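Here are my notes on the model, for reading alongside the coordinates. They cover the sheets, the helices on them, and the side-chain contacts.

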Amino acid sequence: MKSMVAPFLNTRQIAKSHPQQTAPMAIIDIGSNSIRLVIYASQGRYPFPLYNERANCRLGEGMGYDGMLKEERIKVALATLARFAKILSDMGISKIHAVATAAVRRAKNAEQFTSPAAALLNNEISVLSQQAEANYVARGLTLNMPRATGLVADLGGCSIEIINMKNGQIKASTSFDFGHLSKIKRSQINDAFRATDWISAASPKRLYGVGGSFRAFASAYINQSGYPLPVLHGLTIPTKAAQRLLTAFADKSPKLDGVPLGRQKTMPLAAEIINCLLDHCGAKEIYTSGTSIRDGVLAERGLNDDERIDFLQSVCGEISKASHQFDDMPDSLFRFLRPLGGSLADTPNKTDKSQKRKFERLLRAACLISDLCWEDHEDIRGEIGARRVLGLPVNCLSHKERVWLAIAIYHRYVGHKTNKSRPPELSAILGCKRRLEATTVGFGLRFALMFSGGVPNCLEYLSLTSKLGVLTLRVKEQGRSLIDKHNRRRFAQLAQSASLIPEIEQESL
């Protein structure tokens, strides 16, 4: 069994983050290969769960054409649920959503498992239909990537769900009764995909890979290619590179370097399935998704409408509650730094609304998490902050966005200093223009927070404008005493980073 307890906040911070704690919520995902228990504090509003444990029970293993769950696998699965039930009881968790997928859905003797499982948990086991499972998979993806477009493939032990998405909406979906635990030939896989016309007609740019097999494949790709950021979610693999690796996995003597040990036995068949799907759909790349049906359950049953709009802002907001000394500071930072967007937009058309939205989304997130390391040692705050962002346990960031935010937070603490340790990942993945953009935002955060002392009222004395190559800082009379030589230097660094001329105008009464 693998388990993980939330490392990001200590007990004091959790209490500070949730002064009016609502009931925790548990989700139990009973899959064909593994059973996972995830416990979320305060209905899942914090990005990382309080408790997260997975057991590879292989409930669907050996389930052939007879459609029967094997007694040995049922016994192992029930033992795991008994352990989970004890944990839930001792933690006082009463709000539980237990869902079961393909193996239980298809089993003729499902009752032999679901009845004692429900008794152990004192909770109903919801056996998802093919359509419901597809909906939860899609909902989990769009919670984190609201405008996802392409094919989504959730490869499990006994089934693979395929969904055609456009701008976050389901256009078609289907489920095939085979997975990485099945006994099936490549010709049968090809026949199944070929019989579904819309898969080949979709011609997507992107195939979103969901499930443990896709994550194991991504882990191997990172291991073998030397990719600089070892975060699975958001990893994009070009199809040609993917197919070379998948072919090696499906060989008679498979080369499985980098595949987790628990996945090596089933990886060859998983590779065959993924490779066949790529052949039929014609996707240009695989986008590794860390999402699951659990995210879909969380979205539908644990979050309110505001939190669903942009999950990145929700999770950064929770970090802000645990780190900023003054609640209104992130909003004040955003209002102050927002004018930088017109100068930094990486597009020939400075009025491009899409680019502006993307910039402001990341700027707002950076403002929210800009004080996440204030309690750490000042000599290494920059590196700690950058690494926390690089490893932020959320699925609503692409790798480029993750690195952008990490650069901004690094320079928020380090400024121009070159004698501080710096994660090497900050020099990879992003192009020079985007790295400079994030660096400038970091300088902006540093200037604003040093000028104001972290007090939002002090930022009301300032305003920024960018026009004709000049960045102008207007200072009201009440804030004149705060503009010392150090803050003048920091403002000059901010302007120079944006390739603008610094100018300070001080108002008088």
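1. The model is predicted. Six strands build an open sheet, ordered 9-8-7-10-12-11, with mixed pairing. Strand 9 (169-176) and strand 11 (236-238) are the edge strands, and each pairs on one side only. From one strand to the next, the twist averages 20 degrees.

2. **Antiparallel end.** Strand 8 (residues 160-166) and strand 9 run antiparallel, joined by seven bridges.

3. **Parallel pairings at strand 10.** Strand 7 and strand 10 pair in the parallel sense, over four bridges. D154 has V210 of strand 10 as its bridge partner. Strand 10 and strand 12 also run parallel, and four bridges join them. There, G209 stands opposite T288 of strand 12. How much of strand 10 is covered? Four of its five residues are buried, so the strand is mostly covered under the 20% cut-off for relative accessible area.

4. Helix 9 (residues 239-249) lies across strand 11 and strand 12 (285-288). Its direction is at about 85 degrees to strand 11. Helix 11 (residues 267-281) also packs on the sheet. Helix 11 touches strand 7 (150-155), strand 8, strand 10 (206-210) and strand 12. The direction of helix 11 makes about 165 degrees with that of strand 7.

5. Six bridges join strand 13 to strand 14 (residues 470-475), and the two run antiparallel. T465 stands opposite T472 of strand 14.

6. **Aromatic pairs.** Nine aromatic pairs turn up in a search of the whole structure. One to check is F176 with F193. Are these rings stacked or edge-to-face? Their centres are 5.2 Å apart and their planes stand at 85 degrees, so the pair is edge-to-face; the cut-off for that class is over 60 degrees. F176 lies in strand 9 and F193 in helix 6 (residues 186-194), so the pair ties together parts 17 residues apart in sequence. F176 counts as buried at 9% relative accessibility. F193 is buried too, with a relative accessible area of 1%.

7. **Ring cluster and charges over rings.** F336, F447, F451 and F491 form a cluster linked by ring pairs. R364 puts its charged end over the ring of F334, 3.8 Å from the ring centre. R412 lies over the face of Y413, at 4.1 Å from the ring centre.

8. E161 is buried, with a relative accessible area of 1%.

9. K420 forms a salt bridge with D379, with the closest N and O atoms 3.7 Å apart. K420 is in the loop between helix 19 (399-414) and helix 20 (432-452). D379 is in the loop between helix 17 (353-368) and helix 18 (381-390). The two residues are 41 residues apart. K420 counts as partly exposed at 24% relative accessibility, and D379 counts as partly exposed at 43%. E477 forms a salt bridge with R480, the closest N and O atoms being 3.3 Å apart. E477 is partly exposed at 28% relative accessibility, and R480 is partly exposed at 37%. Finally, R58, E61 and K265 belong to one network, joined by salt bridges that share partners.

Note on methods:
Residues are numbered from 1 along each chain as its sequence is written. This is a predicted model: local features need pLDDT of at least 70, side-chain atom pairs count only at pLDDT 80 or more; totals for chains, interfaces and linings use all residues. Side-chain values use heavy atoms; hydrogens and water are left out. Two strands pair if DSSP finds at least two bridges between them. Axes are lines fitted to C-alpha atoms, for helices over the stretch in contact, and angles run from 0 to 180 degrees between N-to-C directions. Contact means heavy atoms within 4.5 Å. Rings of Phe, Tyr and Trp (its six-membered ring) pair if their centres lie within 6.5 Å; planes under 30 degrees apart count as stacked, over 60 as edge-to-face and the rest as tilted. Buried means under 20% relative accessible area, exposed over 50%, partly exposed in between (1.4 Å probe, protein chains only). A charge sits over a ring if NZ of Lys or CZ of Arg is within 6 Å of the ring centre and within 35 degrees of the ring normal. A salt bridge is a side-chain nitrogen of Lys or Arg within 4 Å of a carboxyl oxygen of Asp or Glu.
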